[in-house]
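Colleague: I am new to reading folds. Can we walk through this one together?

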Amino acid sequence: MKKVVLGGLFVALLALASVAWAGTQDFTLVNETGVVINAVYCSPSSENNWQEDVLGVDTLASGESVTIKFSGFEQCKWDLRIEDTDGNALEWTDLNLCDVSRVVLHWDGSTATADLE
């Protein structure tokens, strides 16, 4: 299990932010979990700690999407963790973000899955 760490190692910018060069790991996150996402953490799969919450003070309702942008990272394999407004957490591991542009998250109440497009 990774620990949440606040630090400057991970820089993620949401859709309204501008970036000089887009990272190959940039993707659109689509929430089809049926719950409101209160926090999104991304971390290289090789790391033991979660990086900063890329949503910041925002939330992501079910059915909504957000673009997550990377800067300065060469890793392709990433882990993703979401927390809902009640503090429940779901995790997806070893997502190859260099090969996808859209990640659609699903949760049926017991199993978390992701469609990688």
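**Contacts, strands and core**

Modeller: Start with contacts between residues at least 6 apart in sequence: 65% of them join residues at least 24 apart. Keep in mind that the model is predicted.

Colleague: How many helices and how many strands are in the chain?

Modeller: Read along the sequence. The pattern is β-β-β-β-β-β-β-β-β-β. The count is 0 helices and 10 strands.

Colleague: In which sense do β3 and β9 pair, parallel or antiparallel?

Modeller: Take β3 with its other listed partner, β6. Those two pair in the antiparallel sense over 4 bridges, and Thr-28 has Thr-67 in β6 as its bridge partner. Now turn to β9, where Leu-105 stands opposite Asn-31. Over 5 bridges, the sense of β3 and β9 is parallel.

Colleague: Which residue takes a positive phi in the hairpin of β9 and β10?

Modeller: β9 and β10 pair in the antiparallel sense over 5 bridges. The hairpin has 4 residues between the strands, and the positive phi, near 100°, belongs to Gly-109.

Colleague: Which members of the largest nonpolar core touch the most other members?

Modeller: In soluble globular proteins, nonpolar side chains tend to be buried together. Here the core has 22 residues. Elements giving it two or more residues include β3, β6 and β9. The members that touch the most others are Phe-27, Leu-29, Val-40, Ile-68, Leu-80, Leu-97 and Leu-105.

Colleague: What share of the chain's residues is buried?

Modeller: Buried means under 20% relative accessible area. The chain has 117 residues, and the buried share is 36%.

Terms used: Residues are numbered from 1 along each chain as its sequence is written. This is a predicted model: local features need pLDDT of at least 70, side-chain atom pairs count only at pLDDT 80 or more; totals for chains, interfaces and linings use all residues. Side-chain values use heavy atoms; hydrogens and water are left out. A nonpolar core is a set of buried Ala, Val, Leu, Ile, Met, Phe, Trp, Tyr and Cys residues joined through side-chain atoms within 4.5 Å. Buried means under 20% relative accessible area, exposed over 50%, partly exposed in between (1.4 Å probe, protein chains only). Two strands pair if DSSP finds at least two bridges between them. Contact means heavy atoms within 4.5 Å.
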